[in-house]
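This briefing concerns aromatic rings and nonpolar packing. Please consult the structure below before reading on.

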Amino acid sequence: MVLLQVMYTDLDFIAAFNIEPAVLHHFLFEVYRRYNNIPFHNFKHCFCVTQMMYGLIWLTDLKSKMDSEDLLIMLTSAVCHDLDHAGYNNAYQINARTELALRYNDISPLENHHCAIAFEILEKTESNIFRNLSMNQYKRIREGIIKCILATDMTRHNDILNKFKSILTAFDFTNKEHREVLMMILIKVSDISNEARPMEVAEPWLDCLLQEFYNQSDVEKLEGLPVTPFMDRDKVNKPSSQTGFIRFVLLPLFIELANLFPCLEQHIIHPVRKALDYYTEMEKALEREKVIRAQTQCPADSLTD
Ligand SMILES: Nc1nc2c(ncn2[C@@H]2O[C@@H]3COP(=O)(O)O[C@H]3[C@H]2O)c(=O)[nH]1
Ligand SMILES: [Zn+2]
């Protein structure tokens, strides 16, 4: 919590938006309380995503390109983006017809919920870090946070990435629409950036993610619901989960952001490529092990090969 406080201070938000330290503290404590004690989508994930956003803001020198309202939107969206996640994704919410799916008519039920919880916290005067803003400032920041948090729904991944690609060659920081798409891309990159971290940090996060995935698919099996294939313990393991995700989701997204900010290449592309090599090797080793195990179980078959 203290480190999050430092990020708000370091980016000059305290002075620019007249945020009282006690209110910031209260806000962050409420945020901390409203993350659940689950394997992946917990407060530590919130911290990692926010820290990545903070790092990206500095590395790309966004302070000189965007105003402090936009930066406040980005950091606060990162802090709030998974509030009260219960460890079951949107597919589950919709298939199980949960309260959230009913409330939000199957439209990004989780992301709508995370955002609603954020504004529930901000409705209380003692934890409203925006309480000294003008009406117009508050309106703009609320609109921005809603856009950013809703953009973390992965079913919108291709739409958002394609939009970013279409504006990239003529990207203009003075264009509001361009800035909004960039903000969505930045929160998406931060949200799925574990593999850009050192291997000894990234790998335990993958274990936590798979624990949450396997738990959901076990419950889906128990409840007779459609089983989410990438969460099924009978179908995915560590390397198979990562090679596809890195190749088809992470790299295509990260490469586009690095096209706009080439300085990011060494920070987000190189480590992700290294992780891809690592999991590709692990996948091959597991395959070899499987073949050996099959041969030792059926020695007669292997003799006839
Ligand atoms: N396989 C895999 N999926 C990830 C990884 N990081 C994030 N994700 C997925 O990307 C999603 C982003 O939104 P969610 O937080 O809902 O859930 C996340 C996971 O489903 C990762 O390292 N590996
Ligand atoms: Zn997240």
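Phe29, Tyr32, Tyr35 and Phe43 form one aromatic cluster; rings of Phe, Tyr and Trp (its six-membered ring) pair if their centres lie within 6.5 Å, and planes under 30 degrees apart count as stacked, over 60 as edge-to-face and the rest as tilted. This is a predicted model, in which local features need pLDDT of at least 70 and side-chain atom pairs count only at pLDDT 80 or more, while totals for chains, interfaces and linings use all residues. Residues are numbered from 1 along each chain as its sequence is written, and side-chain values use heavy atoms, without hydrogens and water.

**Aromatic pairs**
- The count of aromatic pairs comes to 14.
- Phe40 and Trp205 make an edge-to-face pair, because their ring centres are 5.4 Å apart and their planes stand at 80 degrees.
- Phe40 lies in the loop between helix H3 (21–33) and helix H4 (43–59) and Trp205 in helix H12 (residues 199–223), so this pair ties together parts 165 residues apart in sequence; helices are DSSP runs (H or I, at least four residues), numbered from the N terminus.
- Both Phe40 and Trp205 are buried (under 20% relative accessible area; exposed is over 50%, partly exposed in between; 1.4 Å probe, protein chains only).
- The rings of Phe130 and Tyr138, with centres 6.2 Å apart and planes at 70 degrees, are also edge-to-face.
- Phe130 is buried at 2% relative accessibility, whereas Tyr138 is partly exposed at 21%.

**Nonpolar core**
- Tyr8, Phe27, Phe254 and Leu257 touch the most other members of the largest nonpolar core, which has 89 residues (buried Ala, Val, Leu, Ile, Met, Phe, Trp, Tyr and Cys joined through side-chain atoms within 4.5 Å).

Methods:
Chains lettered and ligands numbered in written order. Helix = DSSP H or I, 4+ residues; strand = E, 2+ residues; numbered from the N terminus.
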